Amino acid sequence: MRDVTGRLMLLDTASLYFRAFFGVPESVRAPDGSPVNAVRGLLDFIDRLVKDHRPDHLVACMDADWRPQWRVELIPSYKAHRVAEERAQGPDEEEVPDTLSPQVPVIEAVLDAVGIARVGAAGYEADDVIGTFAARAGGPVDIVTGDRDLYQLVDDARGVRVLYPLKGVGTLQITDEATLREKYGVDGKGYADLALLRGDPSDGLPGVPGVGEKTAAKLLAQFGDLSGILAAVDDPRARLTPTQRGRLDAARPYLAVAPKVVRVADDVPLPDVDTALPRAPRDPAAVESLAARWGLGGSLQRLLTTLSS
């Protein structure tokens with residue numbers, strides 16, 4: 001990746017277009033009747049984000065593999081309930097609403113024509129792409145996602161924060177370390193340990209039975225991190241209840257592999273892309289053709305006007 005020194009905005013693209021799909025009526029359609037609610041909703045999201053936060057760089061981070069095999073090998077239940085079809089070669093097919101799937105290639109084509117960098121990496125999720133960009137950035141970073149897993153990247157010292165949509169993207173929770181300490185009792189580094197202890201049914205992560213969010217936060221406050229908690233299990237003098245000690249001890253096989261699954265990778269091989277916010281379309285002819293073909297009208301024009309200003 002090229003050097004990024006200004007404010008970098010990283011989009012968890014699938015998270016945002018899922019929100020657009022469910023937030024914009026399916027009656028928003030192309031001239032041929034095809035639904036384009038996710039396409040137009042995402043364009044409106046990006047327009048609002050650029051207007052409100054004025055990034056110098058913008059990357060639409062993509063899931064080249066939404067369920068990487070290396071994570072599944074460690075925890076077989078990882079996202080298993082979201083598999084629509086298993087494939088012998090390449091990523092399994094994710095369960096996606098029938099009218100959303102055809103819109104994803106349109107989203108990709110529009111982003112490419114406008115000139116917004118779109119980056120995925122084989123064998124990795126968008127979260128991992130985001131984590132790697134954030135780790136290598138030379139300036140402040142805004143991560144836009146509806147996935148709390150990325151709270152683990154929050155780092156006040158490096159200016160990394162998460163913009164979490166509460167309602168569309170007009171109302172965002174600006175998540176910094178103070179927000180995390182207030183809501184969860186941990187900082188960014190501690191959030192991954194909190195998440196793997198409590199588990200996450202939406203990702204198929206079992207967690208430690210009987211250890212919910214509040215108990216996990218108390219354990220982390222008391223013993224520092226996962227390593228400290230496991231050391232306490234082995235220390236008869238440590239202040240753990242017999243029940244807690246038994247549950248954590250029984251969960252050792254899970255706790256041995258969960259950190260690699262839950263923690264976002266920061267060493268993904270990224271392509272050499274120009275992440276600068278585009279001021280004019282990369283391919284004006286393609287933009288015009290896509291706008292007419294899919295009836296993107298005001299949504300696309302508003303974004304282009306915002307980018308040019």
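I began with strand pairing: two strands pair if DSSP finds at least two bridges between them. Helices (H or I, at least four residues) and strands (E, at least two) are DSSP runs, numbered from the N terminus.

I noted that this is a predicted model, where local features need pLDDT of at least 70, side-chain atom pairs count only at pLDDT 80 or more, and totals for chains, interfaces and linings use all residues. Residues are numbered from 1 along each chain as its sequence is written, and side-chain values use heavy atoms, with hydrogens and water left out.

**Entry: the sheet**

I looked up the strand order and found an open sheet of six strands, S5-S2-S1-S6-S7-S8, with mixed pairing. Strand S5 (117-119) and strand S8 (171-175) are the edges, each pairing on one side only.

I then checked S6 (residues 141-144) against S7 (residues 160-167): they run parallel and are joined by four bridges. Valine 141 has valine 160 as its bridge partner in S7.

**Entry: helix H7**

I asked how many of the eleven residues of H7 (residues 188-198) are buried. Ten are, where buried means under 20% relative accessible area, exposed over 50%, and partly exposed in between (1.4 Å probe, protein chains only). The buried residues include Gly188, Asp193 and Arg198. Among the elements covering them I listed helix H6 (177-184), helix H8 (213-223) and helix H11 (252-262).

At the N-terminal end, aspartate 187 caps H7, with a side-chain oxygen 3.3 Å from the backbone nitrogen of lysine 189. After H7 comes glycine 199, with a positive phi near 80 degrees.

**Entry: rings**

I found seven aromatic pairs in the structure; rings of Phe, Tyr and Trp (its six-membered ring) pair if their centres lie within 6.5 Å, and planes under 30 degrees apart count as stacked, over 60 as edge-to-face and the rest as tilted. Tyrosine 151 and tyrosine 191 have ring centres 5.4 Å apart and planes at 75 degrees, so I logged the pair as edge-to-face. Tyrosine 151 lies in the loop between S6 and S7, and tyrosine 191 in helix H7, 40 residues apart. Both tyrosine 151 and tyrosine 191 are buried. Ring pairs link Tyr151, Tyr164, Tyr184 and Tyr191 into a cluster.

Key
Contact = heavy atoms within 4.5 Å. Polar contact = N/O pair within 3.5 Å; in protein donor to acceptor, adjacent residues only side chain to side chain.
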